[in-house]
Amino acid sequence: MTVVDPARVICALDDLADPDARGFRLGEGDWPLRGFVVRRGTDVHAYVNYCPHAGFPLDASPDAFLAPEAPLIRCGMHGALFEIETGRCVSGPCVGRGLRSLPVHVVRG
């Protein structure tokens, strides 16, 4: 049986549409880890909420991580686009660079 630490649960899989994303914060103090999870189909990916181009958070408004016109992650500050599955930048000033991935697991949904 897998033990789930409730302090590290971000959300239920059913709470995310397909595709959808949600931000989270782990830790306390001045420098907690800020990240986000992205669902596409049955796959879930997690990344640090940090644009490799300018260092800003990707979501200009809470949980606004996805481009409205395509299943891509979008930086709300300058419009760079990233692949959901890899975090690789495919359009914008950081083409070829990528988001820093985080380990994430879906346990019992």
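1. Arg 25 stands opposite Arg 34 in strand 2, strands being DSSP runs of E with at least two residues, numbered from the N terminus. Strand 1 (residues 20-26) and strand 2 run antiparallel and are joined by seven bridges; two strands count as paired if DSSP finds at least two bridges between them. The two strands form a hairpin with six residues between them, and Gly 27 in the turn has a positive phi of about 100°.

2. This is a predicted model, in which local features need pLDDT of at least 70 and side-chain atom pairs count only at pLDDT 80 or more, whereas totals for chains, interfaces and linings use all residues. Residues are numbered from 1 along each chain as its sequence is written, and side-chain values use heavy atoms, with hydrogens and water left out.

3. Arg 34 is partly exposed, with a relative accessible area of 43% (buried means under 20%, exposed over 50%, and partly exposed in between, with a 1.4 Å probe and protein chains only). Leaving aside neighbours within four places in sequence, Arg 34 is in contact with Phe 24, Arg 25, Val 48 and Asn 49, where contact means heavy atoms within 4.5 Å. The C-alpha atoms of Arg 34 and Tyr 50 are separated by 8.2 Å, although these residues are 16 apart along the chain.

4. A search of the whole structure finds two aromatic pairs (rings of Phe, Tyr and Trp, the last by its six-membered ring, pair if their centres lie within 6.5 Å; planes under 30 degrees apart count as stacked, over 60 as edge-to-face and the rest as tilted). Phe 36 and Tyr 47 form a tilted pair, at 5.8 Å centre to centre with 40° between the planes. Because Phe 36 lies in strand 2 (residues 33-40) and Tyr 47 in strand 3 (residues 43-48), this pair ties together parts that are 11 residues apart in sequence.

5. Phe 36 and Phe 65 form a stacked pair, at 4.2 Å centre to centre with 10° between the planes. This pair links distant parts of the chain, 29 residues apart, with Phe 36 in strand 2 and Phe 65 in the loop between strand 3 and strand 4 (72-74). Phe 36 and Phe 65 are both buried, Tyr 47 is buried as well, and the three residues form one aromatic cluster.

6. How many disulfides does a search of the whole structure find? The search finds zero, a disulfide being a pair of cysteine sulfur atoms within 2.5 Å. The sulfur of Cys 75 is 3.9 Å from the closest cysteine sulfur, in Cys 51, which is too far for a bond. Cys 75 counts as buried, at 1% relative accessibility.

How values were computed: Helix = DSSP H or I, 4+ residues; strand = E, 2+ residues; numbered from the N terminus.
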